Amino acid sequence: NKVKILIVDDDEAVIRTLRPILLSHGYAILTALTGEDGLQIVNTQKPDLILLDVILPGIKGREVCQKLKENPETQNIPVVFLTAKDSPEDIQAEKDFGAAGHLTKPVNSKILIETIQNSLELSKKQ
């Protein structure tokens, strides 16, 4: 049974970059271009992990994360933020919203896979 990863990012170039890396590591990929779509997919598909862009049209990434964490059905799905901003304040704010991890764009493929593996491991222990 493949681990399902949902990528929520309004930049299709990011999805095009991440998809082959994740597929080559045996993950199944779901994608959404908006937070609203992302939330819908989460409710129907129940991904194992979510890669979530912070800056989205409509609902912002942090708000999406907050909604996921407020819902008992989705609160245990690890959320890893994708962002161009990596100040300590930004990273702390994401953690406060319940994020499992943080990746800075452009994403390094080795760090991407390590972060996903670590986040999945941690979520299994909870």
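Guide: Happy to. A compact globule with 126 residues would have a radius of gyration near 14 Å, and this chain, at 13 Å, agrees with that. Please keep in mind that the model is predicted. The C-alpha trace spans about 30 × 30 × 25 Å along its principal axes. Of the 126 residues, 43% count as buried. The chain exposes about 6,700 Å², and carbon and sulfur atoms supply 51% of that area.

Before we turn to the sheet, here is how the chain is laid out. It has five helices and five strands, and along the sequence they follow the pattern β-α-β-α-β-α-β-α-β-α. Among contacts with a separation of 6 or more, 60% are between residues 24 or more positions apart.

Now to the sheet itself. It is an open sheet of five strands, in the order E2-E1-E3-E4-E5, and the pairing is parallel. Strand E2 (28-32) and strand E5 (101-104) stand at the edges; each has a single partner strand, so one side of each is left without a neighbour in the sheet. From one strand to the next, the twist averages 20°.

Let us look at two of the pairings. Strand E1 (residues 4-8) joins E2 in the parallel sense over five bridges, and in this pair lysine 4 stands opposite alanine 28 of E2. E3 and E4 also run parallel, joined by four bridges. There, leucine 51 has valine 80 of E4 as its bridge partner.

Helices lie against these strands. Helix H1 (residues 12-24) lies across E1, E2, strand E3 (49-53) and strand E4 (79-83), and runs at about 165° to E2. Helix H3 (residues 61-70) packs on the sheet too, where it touches E3 and E4; its direction makes about 175° with that of E4.

With a relative accessibility of 0%, leucine 52 counts as buried, because the cut-off for buried is under 20%. Leaving out residues up to four places away in sequence, leucine 52 touches Val8, Gly61, Val64, Cys65, Val79, Val80, Phe81 and Leu82. Leucine 52 and threonine 34 are 18 residues apart in sequence, and their C-alpha atoms are 9.8 Å apart in space.

Follow the chain out of E1 and you come to aspartate 9, in the loop between E1 and H1. Aspartate 9 is buried, with a relative accessible area of 0%. A polar atom of its side chain lies 2.8 Å from the backbone nitrogen of aspartate 11. The side chain of aspartate 9 also makes a polar contact, at 3.0 Å, with the side chain of lysine 105. Setting aside neighbours within four places in sequence, the residues in contact with aspartate 9 are Val14, Ile15, Ala32, Leu33, Asp53, Leu56, Leu82 and Lys105.

Another loop, between H3 and E4, holds threonine 74. Threonine 74 counts as buried, at 1% relative accessibility. Beyond its neighbours within four places in sequence, threonine 74 is in contact with Val42, Asn43, Lys67 and Leu68.

For a contrast, look at threonine 44, in helix H2 (residues 35-45). Threonine 44 is exposed, with a relative accessible area of 60%.

Technical notes: Residues numbered from 1 in each chain as written. Predicted model: local features only at pLDDT ≥ 70, side-chain atom pairs only at ≥ 80, totals over all residues. Heavy atoms only, no water. Pairing = 2+ DSSP bridges. Helix = DSSP H or I, 4+ residues; strand = E, 2+ residues; numbered from the N terminus. Axes fitted to C-alpha atoms, helices over the stretch in contact; angles between N-to-C directions. Contact = heavy atoms within 4.5 Å. Buried < 20%, exposed > 50% of the residue type's maximum accessible area, 1.4 Å probe, protein only. Rg over C-alpha atoms; globule rule 2.2 N^0.38 Å. Areas by Shrake-Rupley, 256 points an atom, 1.4 Å probe, with all protein chains shown as cover. Polar contact = N/O pair within 3.5 Å; in protein donor to acceptor, adjacent residues only side chain to side chain.
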